[in-house]
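Reader: I would like to learn how to read packing features in a model of this kind. Please take them one at a time.

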Amino acid sequence: MLKFDTTKSIEDLLYDRKLINSDQLSAIKFEHVNTGKDLTQIVKERGFVSDEDFVKAFGEVYGIEYVNLTGKQIPAELVELVPLSVAKKYNIVPYLLDGDKLSVAMVDPLDLQTIEFIERKTSYTVIPFITSQKDVDRILDEQKGKAIGEEISAALEEISQTTLKIDETGGELTDATIRDAPIARIVGMILETAVKTLASDIHLEPGEKGSRLRYRIDGVLEEKRIIPKEMHDSIIARIKILAKMKIDEKRIPLDGRFKVQVGNTQTDLRVSTLPTIYGEKVVIRLLKEEGAVFTFKDLGLRGLSLKRFEEQILKPVGMVLVTGPTGSGKTVTLASALAKLNTVRVNIVTIEDPVEIRVPGVNQVQINPQAGLTFANGLRAFLRQDPNIIMVGEIRDGETAELGVHAALTGHLVLSTLHTNSASGALPRLLDMGIENFLLASTVNVILAQRLVRKICTNCKEEHDTPAEVLQEMKTILSSIERNKTIMLKDPEVVKIIKKSSEGPIKLYKGKGCDKCANTGYKGRIGIFEVLEMSDRIGRLTLESSTAQQIQDVAMEEGMLNLMQDGYLRVVEGVTTLSEVMRVAK
Ligand SMILES: [Zn+2]
């Protein structure tokens, strides 16, 4: 299969191509005659030509085509085909599969043993291509950083160079300790991958055939791989040791925590286990130590919504409420608000469960019900500490609600979250909790409801065809915004988007999937919002104990976008997809 063109040797070829000069050519020949060393070896060692030129010439001499791997996307199934450790050892990258022919980039394409080995292992016919060592190293390093590979054992060989540090009992495990035990390394790999892929949770669920390892990335659970059944108990035991949980207690749910450091990122891990019929399920929540505090614009607030929210949180007294289900980004919004309010002139205290984002200069307290520190007790204690601004993690019950309202009435700015779906739903909910309607009307400044949608990956974004009925629905929602006189008058940012979308046909986009977005087509998230200001009319409706719907209608008349409308605007802007908005806002 390999055609050897031995009529010309590599040094002559390089000279013909003017890649080396006559002096260099003489030097090579002279060394060859003097030492008897292989000519190719001499050319390589002398370094007269670039790696790439050498590889090309070498390929030409031996009739092997050169492949430049720069910018090549290696399909995931080919990455899985040959274990990373094997690829590294033999310096190969399988990069294209066409029928039963597998194109493999090799540093040494004359290595017939390796070719034979790959053919046996994959049962494809290997077409060897020559490439540079640098290209192979780079591609394999990239793959190493990605998800756990086909064979845990193979992937584990890579972790010996890991930067992972696990903080146990105040001390640290040495790298050597991590290396020694295979299970410990697997756990290390699982954690490191989670941190590197910015996952928020790790789920390990035992099943009949094996355990499912899943990561929550950008709010969506993604399956990473199946862990062999026989390893499950050992992995759980290892995690429980790290989190200082009872290893032998498998019948009841347990909680624990520990920290890991990957590179410069310190991550706090909350571990919880749950007994299932197949064994213990474990969920690990990753909390970054260095807070993710953003500007409101970065979060996705804009136009009238941004203006109103900013105005209302800057008032010295009253209540600011953020609503939405778990995982809708409420905590980040509040932390960002605190960061904005945090100046030397104010004293800010927070009581949270748990403290998820640290805001420098803010006194953050974690509730501890066993020690008697609840949201309500904490709030009571705070009021004796002369704060200006109080953040209560969540209003869960009437007692906390009442204390919050009391704090707002006595000259504090109170920020909190509520578990309601819409902004307008927060007022009836607080009434249900036993707060007097006149107190609500006079203390609440603003209520913000939010969801997070995944953003289309900008690297692989492309226009896609949309069925006519979907476009019709988009038009209906957009024209409902266009008919809103308050918005068209007061929200130039929204007007701009509406104008642009009404000029031509609506274009929708999606990500087709690339290596930058782990083939999901999405990268990063952005909030969609509704911001309800306590206007005179909303105040009156609150006094009348009106329904959420009545409040919503008036708020929208007064220029509030609802979640769906804000989401649709993001869709026509090409920031997210319709299915994302439907997923979170319907
Ligand atoms: Zn992409």
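Predicted model: local features only at pLDDT ≥ 70, side-chain atom pairs only at ≥ 80, totals over all residues.

Reader: How many helices and strands does the protein have, and what box do its C-alpha atoms fill?

Author: There are 26 helices and 20 strands. Taken along the principal axes, the C-alpha atoms fill a box of roughly 100 × 65 × 50 Å. Of the 586 residues, 39% count as buried. Among contacts with a separation of 6 or more, 64% are between residues 24 or more positions apart.

Reader: How should I read the two sides of a helix?

Author: An α-helix has 3.6 residues a turn, so residues three or four places apart point the same way. Take helix 7, residues 112-122, where Thr-114, Ile-115 and Ile-118 are buried. Seen down the axis of helix 7, the buried residues fall within an arc of 100°, so they line one face.

Reader: Which residues are buried in helix 24?

Author: In helix 24 they are Ile-551, Ala-555 and Met-556. Viewed down the axis of helix 24, these buried residues lie within an arc of 130°, so they too line one face of their helix. The face turned away from the buried side carries the exposed residues Gln-549 and Glu-557. Packed against the buried residues of helix 24 are helix 18 (426-432), strand 20 and helix 23. Just after helix 24 comes Gly-559, with a positive phi of about 105°.

Reader: How is a pair of packed helices described?

Author: Two packed helices are described by the angle between their axes and the distance between the axes. Helix 23 (residues 536-543) and helix 24 (residues 548-557) pack at about 170°, with their axes 10 Å apart. Angles over 145 degrees count as roughly antiparallel, and that makes helix 23 roughly antiparallel to helix 24.

Reader: Which residues make the contact between helix 23 and helix 24?

Author: Helix 23 contributes Arg-537, Ile-538 and Leu-541, while helix 24 contributes Gln-550, Ile-551, Val-554 and Ala-555. By kind, the residues of this contact divide into five nonpolar, one polar and one charged.

Reader: At what angle do the axes of helix 20 and helix 22 cross?

Author: The axes of helix 20 (residues 468-482) and helix 22 (residues 492-503) cross at roughly 135° and come within 10 Å. That makes helix 20 oblique to helix 22. The crossing is left-handed. Leu-478, Ile-481 and Glu-482 of helix 20 make the contact with Val-494, Ile-498 and Ser-501 of helix 22. These contact residues are four nonpolar, one polar and one charged.

Reader: How does helix 20 pack with helix 25?

Author: Helix 20 and helix 25 (residues 563-572) pack at an angle of about 115°, and their axes are 10 Å apart. This crossing is left-handed. From helix 20, Met-474, Ile-477, Leu-478, Ser-480 and Ile-481 meet Met-564, Gln-565, Tyr-568 and Val-572 of helix 25. The contact has seven nonpolar residues, two polar and no charged. Leu-478 and Ile-481 of helix 20 also take part in the contact with helix 22.

Reader: Now single residues. Is Ile-528 buried or exposed?

Author: The cut-off for buried is 20 or more other C-beta atoms within 10 Å. Ile-528 has 31, so Ile-528 is buried. Its place is in strand 20, residues 522-533. Beyond four places in sequence, Ile-528 touches residues including Gly-300, Gln-450, Val-453, Leu-563 and Ala-585.

Reader: Where is Leu-213, and what is Leu-213 in contact with?

Author: Leu-213 is in strand 7, residues 210-217. With 21 C-beta neighbours inside 10 Å, Leu-213 also counts as buried. Leaving aside neighbours within four places in sequence, its contacts are Ile-190, Leu-204, Lys-224, Arg-225 and Ile-227. Lys-224 is 11 residues from Leu-213 along the chain, and their C-alpha atoms are separated by 5.6 Å.

How values were computed: Residues numbered from 1 in each chain as written. Buried ≥ 20, exposed ≤ 12 C-beta atoms within 10 Å, placed from the backbone. Helix = DSSP H or I, 4+ residues; strand = E, 2+ residues; numbered from the N terminus. Arc of directions from axis to C-beta. Contact = placed C-beta atoms within 7 Å. Axes fitted to C-alpha atoms, helices over the stretch in contact; angles between N-to-C directions. Parallel < 35°, antiparallel > 145°, perpendicular 65-115°, else oblique. Left-handed = near helix turned anticlockwise from the far one by under 90°. Nonpolar A, V, L, I, M, F, W, Y, C, P; charged D, E, K, R; others polar.
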